[in-house]
Amino acid sequence: MIIIYAIPISLYCAKLRILLRHKNIAWRELPPPGGYGSVQYKKIVPSGNLPALVDGSLMIADSEAIAEYLNEKYPDPPMLPVEIKHRAKARELSRMHDTRLEPEVRKLFPLISSPKRSTLIVEEQSKAIDDALNQLATLLKGNAINCGEALTLGECGFAITFAWIDLLSEAFSMPITLPKSVEQYRLRILQHRAVSEELEEYQPRLSAWLKAQKQS
Ligand SMILES: N[C@@H](CCC(=O)N[C@@H](CS)C(=O)NCC(=O)O)C(=O)O
């Protein structure tokens, strides 16, 4: 059975769990021995980050590399479009999530309990997230992906990052409104069973995490 090293709250681990659920792949989830980044864990996963997958003698780190591997090994249901140029555009969206939107959202995490946080920093970060969301809206407009209602690789990440945006908007009293096309995109993603099942388990963890951060 496939093993994944993961922790319950990690955004990228939740992204991976959506894919596993969507493809009906059985998995066993283990916490990273010694914690992520630890010497002990780095003996298994040299980069020390999460998630990582172990399939027999194969170890892969990075959610995107894992997703591509699983999509090839378990092709049904396909999570990339058939046509080569549509596949490239689906991958572009996925990379946009991992390298543009999510990193801006992540910058807010440490500010929740930081005594050094100022309204200015939060406002600047909120603007950076808005900019990334507007870039996504533009990408979606020009995106000729034709995979109908199918869930694609990158959408597993967006599903979780949108949940974080809701949480952080509330935590910082900083309304972030998704552009209309992004909101429609989100609603389409939410229709997938794998997404709703993961969010059902994940959202209570997010709320508990936020509560603990505020108290720390
Ligand atoms: N691009 C990586 C990002 C993964 C990532 O940021 N993981 C976090 C947990 S959500 C982590 O392991 N952070 C600690 C580190 O990178 O050392 C992926 O897609 O897997």
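Start with the largest cavity and select helix α1 (11-22), which gives the most to the cavity's lining, with three residues; helices here are DSSP runs of H or I of at least four residues, strands are runs of E of at least two, and both are numbered from the N terminus. The model is a predicted one, in which local features need pLDDT of at least 70 and side-chain atom pairs count only at pLDDT 80 or more, while totals for chains, interfaces and linings use all residues. Residues are numbered from 1 along each chain as its sequence is written, and side-chain values use heavy atoms, with hydrogens and water left out.

Now extend the selection to Lys15, Leu16, Leu19, Ser63, Ala67, Leu153 and Cys156, which line this cavity. The elements that give two or more residues to that lining are α1, α3 and α6 (153-171). A cavity is a set of points, on a 1 Å grid over the protein atoms alone, where a 1.4 Å probe fits but cannot get out, and its lining residues have an atom within 4 Å of a point. The volume of the largest cavity is about 30 Å³, where a volume is the space filled by probe spheres set on the points, and grid points are joined across faces, edges and corners. A search of the whole structure finds one cavity of 30 Å³ or more. By residue type the lining divides into five nonpolar, one polar and one charged, with Ala, Val, Leu, Ile, Met, Phe, Trp, Tyr, Cys and Pro counted as nonpolar, Asp, Glu, Lys and Arg as charged, and the others, Gly among them, as polar.

Next, select strand β1 (residues 2-5), from which Ile2 and Ile4 point one way and Ile3 and Tyr5 the other way, all of them buried; buried means under 20% relative accessible area, exposed over 50%, and partly exposed in between, with a 1.4 Å probe and protein chains only. In a regular strand the side chains alternate between the two faces of the sheet. The chain crosses from β1 through α1 to β2 in a right-handed β-α-β crossover, that is, with the strands pointing away from the viewer, the path from the first strand over the helix to the second runs clockwise.

On to β3 (52-55), which pairs with β1 in the antiparallel sense over three bridges. Tyr5 has Ala52 as its bridge partner in β3, and Ile4 stands opposite Leu53. From β3 itself, Ala52 and Val54 point one way and Leu53 and Asp55 the other way, and all are buried. Follow the chain into β4 (58-61), which pairs with β3 in the antiparallel sense over four bridges, with Val54 opposite Met59. β3 and β4 form a hairpin with two residues between them, and Gly56 in the turn has a positive phi of about 65°.

The next stops concern the backbone. Most residues other than glycine have a negative phi, and most peptide bonds are trans.

Asn24 is exposed, with a relative accessible area of 62%. Asp62, in the loop between β4 and α3, has a positive phi as well, near 90°, and is partly exposed at 38% relative accessible area.

Two further residues complete the tour. Gly37, in the loop between β2 and α2, is in contact (heavy atoms within 4.5 Å) with Lys42 and Gly48, leaving aside neighbours within four places in sequence. The C-alpha atoms of Gly37 and Ser47, ten residues apart along the chain, are separated by 7.4 Å. Finally, select Arg186 in helix α7 (residues 180-190), which counts as buried at 13% relative accessibility. With neighbours within four places in sequence left aside, Arg186 is in contact with Phe162, Ala163, Asp166 and Leu178.

How values were computed: 1 Å grid on protein atoms, 1.4 Å probe; cavity = no way out; pocket = protein on both sides within 12 Å on 5 of 7 lines; lining within 4 Å. Pairing = 2+ DSSP bridges.
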